[in-house]
Amino acid sequence: MQALERSYKSQKVIERMGKKLNRQIAGSLAACVHCGNCTESCHYVLANPGDPTYAPAYKADRVRKIFKRHFDWTGRVLPWWVKAGSVFTDEELEELKDFAFGKCTNCRRCSLNCPMGVDFAVVNRMARGLLVSVGVMPAGVAVVSKDQWEIGNQMGVLKEDYLETVEWMSDELVEALGDPGAAIPIDKPGCEIMYTINPREAKYDPRTISDAAKIFHAAGESWTMPSEGWDMTNFGLFSGDDELGGVVARRVFEKAIELGARRVVMSECGHGYRSTRCEGPNWAGMDVPFAMESSVVTMLRYLHEGRIKVDKTRNTASVTYHDSCNNARSCGMFEEPREVLRHVVTDFREMYPNRAENYCCTGGGGAMSMSEYTPRRLKSAQVKADQLRATGAKVVVTSCHNCVDGLADLIRHYKLDMKVTQLVNLVSDALVIEKRVAVPVARIAAALAGRRILVVDDEPDVRTFLTAVLEDNGATVFSAADGDEGLALARKERPDLITLDLSMPGMDGGKVFEAIRKDPVLAKISVCIITGRPELRKLIYERDVPPPEGYLDKPVNEETVLTNVRKILEVTGEHKAH
Amino acid sequence: MSGLLHFAEHRLQEAALIFMALVYTKRVLWLLKFPAGKERQAPTGSQNTPKWKGILYSWAIIGMPWVMESSRSNPFLYAQFVIFHIGVTLAIALSFIIPYAPGVLENGTVVLVFQAAIWGACAVGCIRIIRRIISPYMRAISTPDDYFSLILLTVWFAFAGLSAPNRPDQGEGPLLAYFFLTAFFLMYVPFSKISHYLYYPFTRFYFGRSMAHRGVFPIPRSVKPPVYEAAAPVQAEATATTRSH
């Protein structure tokens, strides 16, 4: 009778669990003795004392009860005795979603602390995959997964935008070094290295691309960036969708084979490294004919081989290092980044605990794309904030873009006097290149001189921040607090660029954007969406009008704003003008 | 010795052991029917640990309290674990020694060692019951089986402790209780969480193999840094974030 009352989605979840179970997962689900040793290893527990629903064993039991009820005889014979239970309604699946996505970052810290070898992170990933397979997931996960399926990368960066950004960085690097040989090669066949990146670099942080290019150039490396298959990140890891994982990994592998690259190097991204280097071949069912390594290892090799020379006195700020969970606890990268740091900074300070025992940045497991859990995430970040604060360091370095965002957000939230950077930036800064040509200061100081920019956002703090950043860089800025006012100002001032929030009282940003695009006079104005709700992306991109020139997720920092505004005005704007 | 006690020490135990072996065999076959995951990746990390070493390390990890933070930072809990499991081992051994090698227990020192270990385990059992009831975390994750298994073992320890001198001439009550409980224990174990030792080799085998291949095993411990001059603590923002917009 019960089976008849079960919802379609619940039925599918149970059926698919049977297909997903392997010996490791079944063992992890059967072996837990509820000893409680994992409890204190979880940052969610530490930041929420007294709330047992964050305990790893408790969270695992949400999955374990289904396993026991349907796949283990103890739960079939005496379900109440072992707290076995099934799922019947979509509401119960929503509750499971809250645990699987909102109360765990799959950091694997509890797994390493379980005496029984129960790998909860693997169990939780399976739960996520089951939920995703029936469409039960946070909106941000759906958006990002869709982008990666359809556009080929998880931030929806269009191919032309990616290539424009690389070209822009290439031009700047050639100019800065005064050396045409420093140009970034695209799709160059037969290279030693095919360099893959996180789409966040193309979208928010292109400096990491030019810094990496500078290092490759200095090392005299034979390298290329691919025009396709350049995104080594893989949302399949976070969503638990092995099929997506396989498709994304295969894109990178097939491009490397097409180009005949002997080595695929992944930029500093924990989940990308793990997804491509470790899980990718499993998901794709492919034995790859080339080597794969993190750029951290590549940079260290260059230092060991004397291919690059560095001067650590160029990085004198106190620096600490955050171990990305995927790099460290899932791929064994502990000492390499520290060795690189010792070459390029003068004041390195370990945070405690560190290495395999370091705490999650709290933005892992795709948490940064799930805005509904942001307050919970930031509360749990107290543990990390205390860890960072105790170092007294001014800079936290991490080899992971996810961690960069997670740490930047908690640093802002807890008002820590720190900034986040990556090894590639520090190595680039410390790099000794004879033919260095300084970028003219005047150009940086007034990068937006003569530009007219309209800021539309209902939050006074955001308006003030954006206005200050843009005006400091020479732009003339107008601001509006809602959509109607923004549209009126756009018609009156005809700016070069509009930064547009989406959620606003009155006429929302989506409608304003559509009105701008459909207005023959305003249509040529570049638009950069700046929103705290990445899940609304599809509402913009699925409109029957040309897409915006930029799309940024809040929180944004000065560098991100400036980089993207410059890119839109200098690169995209020029193309539009032509 | 009464016929009932003889039956309890021999036939009943043998039947219970055979039953347990059959159920365990079925249990292992059940676990093996799940496919083992395959790792295609080349090794990562700088640990250079072959898979077989990782597996051995993983199996031995329970005897190395300095390795896992959860053991290292809770020495009292780890000591409880050691005492409890030594007690289990000796109480099981007692169920074979009494019927098949009673001469061992004619040595007073041996009896004392058995009793000390088993009563220690009984005391730990009591502590664990209290912890499971008092701690909100433990309560939240506990099932009826968890409580029952713990109480069963603790009571069993008590009768094992009383039976260690093996003196039926002074009253068969404790010995009868001990052997009947042992038989029940043997039959119940395969259905309860007490059978975790059956899964331990599997879970730790696969976890060790994977973690060694990925350069995570042996687990690198935290290096304790000097105390730095920390930044002054400040309060978090009152509002969670601007992301809601």
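1. In chain A, A:Asp501 sits in the loop that joins strand S11 (497–500) to helix H27 (509–518). The model is a predicted one.

2. Is A:Asp501 buried or exposed? The relative accessibility of A:Asp501 is 0%, so the residue counts as buried, the cut-off for that class being under 20%.

3. A:Asp501 and A:Arg69 lie 432 residues apart along the chain.

4. How many residues does each chain bring to the contact? Chain A contributes 96 residues and chain B contributes 83 residues. Together the two chains bury an area of about 7500 Å², and 56% of that area comes from carbon and sulfur atoms.

5. Five salt bridges are found across the interface of chain A and chain B. A salt bridge also links the side chains of B:Arg72 and A:Glu357, with an N to O distance of 2.8 Å.

6. Polar contacts across the interface of chain A and chain B involve 35 residue pairs, with both residues at pLDDT 80 or more. Sorted by class, the side of chain A that touches chain B consists of 41 nonpolar, 26 polar and 29 charged residues.

Terms used. Residues are numbered from 1 along each chain as its sequence is written. Chains are lettered from A and ligands numbered from 1 in the order in which they are written. This is a predicted model: local features need pLDDT of at least 70, side-chain atom pairs count only at pLDDT 80 or more; totals for chains, interfaces and linings use all residues. Side-chain values use heavy atoms; hydrogens and water are left out. Helices (H or I, at least four residues) and strands (E, at least two) are DSSP runs, numbered from the N terminus. Buried means under 20% relative accessible area, exposed over 50%, partly exposed in between (1.4 Å probe, protein chains only). Contact means heavy atoms within 4.5 Å. Buried area is the accessible area (1.4 Å probe) that two parts lose on being put together, summed over both. A salt bridge is a side-chain nitrogen of Lys or Arg within 4 Å of a carboxyl oxygen of Asp or Glu. A polar contact is a pair of N or O atoms within 3.5 Å; within protein, one must be able to donate a hydrogen and the other to accept it, and residues adjacent in sequence count only if both atoms are side-chain atoms. Ala, Val, Leu, Ile, Met, Phe, Trp, Tyr, Cys and Pro count as nonpolar, Asp, Glu, Lys and Arg as charged, and the others, Gly among them, as polar.
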